[in-house]
Amino acid sequence: MDPSPPSESSADASASVSATAAAASSSYPSSSSVEGLAAGMAAMSLKDRFELLRGIGEECIQEDELMNLLQNKPVPVCYDGFEPSGRMHIAQGIVKTINVNKMVRAGCKVKIWIADWFAQLNNKMGGDLKKIQTVGRYMIEIWRAAGMNLDGVEFLWSSEEINKRANEYWPLVMDIARKNNVKRIMRCCQIMGRNDSDELTAAQILYPCMQCADIFFLRADICQLGMDQRKVNVLAREYCTDIKRKNKPIILSHHMLPGFKEGQEKMSKSDPSSAIFMEDDEAQVNLKIKQAFCPPNVVDGNPCLEYIKYIVFPWFEMFEVLRKEANGGNKTFTNMNELISDYESGALHPADIKPALAKAINQILQPVRDHFNNNSEAKVLLNTVKKYRVTS
């Protein structure tokens, strides 16, 4: 489906993106392992498909249901969604690219729900739908440039799809609302980046009922969102129990990457120093990682190690440290356990980790930078989004 919003046309993707990625200069492989995920499932066993999908999630509800789905449905439908709410950081840009490509490789159809109406309900971009849709187009452009396999992806704008099938959507929202009390719905407020103690508008109370309805409206078999969206996905399974529906949506929740500051559980767009944005230049990436919290010998709560685990290893299948012989010499890690062992023992120091992490992240981001520098429409889109004030 054309990912353009109802009243806007999307910027064309640059034909040079893949060539730029291949030409990136580094000692890492010239084409990342993520590109191979587009190869399809022809040679994959049922076990391989299950393990590929299961590896996406920090949590899976339920594993036996996932295996049964793969056994009985040739092309399962995976649902993911996002609020267009400002510039994109790498947790959203790269992790989603990795996960979507895994789902496509496992033989799934991926429906990405561009939740423009939801962003309006949540007062993003001051509730200006035109701005929200511009941000949505910018985000799609990012994923194109980053290497997301769009052959297996369908982008759907909530404002357009709901209007097309309003007679199906709104009775579903109303039924979910009728079967739940306000207290239960407010427990889902985390999905909007809110707390149940926040003073919410009536629109924000409606939001969880609508997001729950989306799962059924899109005929999703698998909900593949972050752990922060878990509560509303569980609400959908509870709704299935209420209406005596046997096949419940499977929840595959990925890990949430932290910000770079100590104790920061999640990247914040409103705190640019805590997040790497997808079109940050090399110097900005280097500075942010140099200043990142990275205590020696400590693995738990160490954001630098989390970025290596959840971004660098899935992308390159290796992590390369370059250092002087006096400091231990160069070393290439092929798995996270080996790296953790060296870090806990002190054989690997933050001064080794940080420049190596910055180098890897910069290589991943280079095709995106090139696209927004070289494609005139993409450049205009980015400059427009940068001018928007991020609202909470």
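Helices (H or I, at least four residues) and strands (E, at least two) are DSSP runs, numbered from the N terminus. Asparagine 99, taken up again below, is found in helix 4. This is a predicted model, in which local features need pLDDT of at least 70 and side-chain atom pairs count only at pLDDT 80 or more, while totals for chains, interfaces and linings use all residues. Residues are numbered from 1 along each chain as its sequence is written, and side-chain values use heavy atoms, with hydrogens and water left out.

**Whole chain**

- The chain has 16 helices and eight strands.
- Of its 392 residues, 56% are buried, where buried means under 20% relative accessible area, exposed over 50%, and partly exposed in between (1.4 Å probe, protein chains only).
- The accessible surface is about 17,000 Å², and carbon and sulfur atoms hold 49% of that; the areas come from the Shrake-Rupley method with a 1.4 Å probe, and for residues only the protein chains shown count as cover.
- Contact means heavy atoms within 4.5 Å. Among contacts between residues at least 6 apart in sequence, 76% join residues at least 24 apart.

- Six strands form an open sheet in the order 1-6-5-2-3-4, with mixed pairing; two strands pair if DSSP finds at least two bridges between them.
- The edge strands are strand 1 (59-61) and strand 4, each of which pairs on one side only.
- Helix 11 (residues 230-242) packs on the sheet and touches strand 1, strand 5 and strand 6. The direction of helix 11 makes about 170° with that of strand 6; axes are lines fitted to C-alpha atoms, for helices over the stretch in contact, and angles run from 0 to 180 degrees between N-to-C directions.
- Strand 5 (residues 222-223) and strand 6 (residues 250-253) run parallel and are joined by two bridges. Cysteine 223 has isoleucine 251 in strand 6 as its bridge partner.

**Strand 3 and its neighbours**

- In strand 3 (residues 109-114), five of the six residues are buried.
- Strand 2 (residues 77-82) pairs with strand 3 in the parallel sense over six bridges, and aspartate 80 has isoleucine 112 in strand 3 as its bridge partner.
- From strand 2 the chain passes through helix 4 (residues 90-105) to strand 3 in a right-handed β-α-β crossover. Right-handed means that, with the strands pointing away from the viewer, the path from the first strand over the helix to the second runs clockwise.
- Strand 3 also pairs with strand 4 (residues 153-157), in the parallel sense over five bridges; leucine 156 in strand 4 is the bridge partner of tryptophan 113.

**Asparagine 99**

- Asparagine 99 is buried, at a relative accessible area of 6%.
- Leaving aside neighbours within four places in sequence, asparagine 99 is in contact with Ile56, Gln224 and His254.
- Its C-alpha atom is separated by 9.5 Å from that of leucine 52, which is 47 residues apart along the chain.

**Backbone exceptions**

- Most residues other than glycine have a negative phi, and most peptide bonds are trans.
- A cis peptide bond, with omega about 0°, joins isoleucine 61 and glutamine 62; glutamine 62 is in the loop between strand 1 and helix 3 (63-72).
- Arginine 219 is not a glycine, yet has a positive phi of about 55°. It is in the loop between helix 10 (202-217) and strand 5 and counts as exposed at 51% relative accessibility.
- Asparagine 297 also has a positive phi, about 65°, although not a glycine. It lies in the loop between helix 12 (282-290) and helix 13 (303-316) and is partly exposed, with a relative accessible area of 38%.
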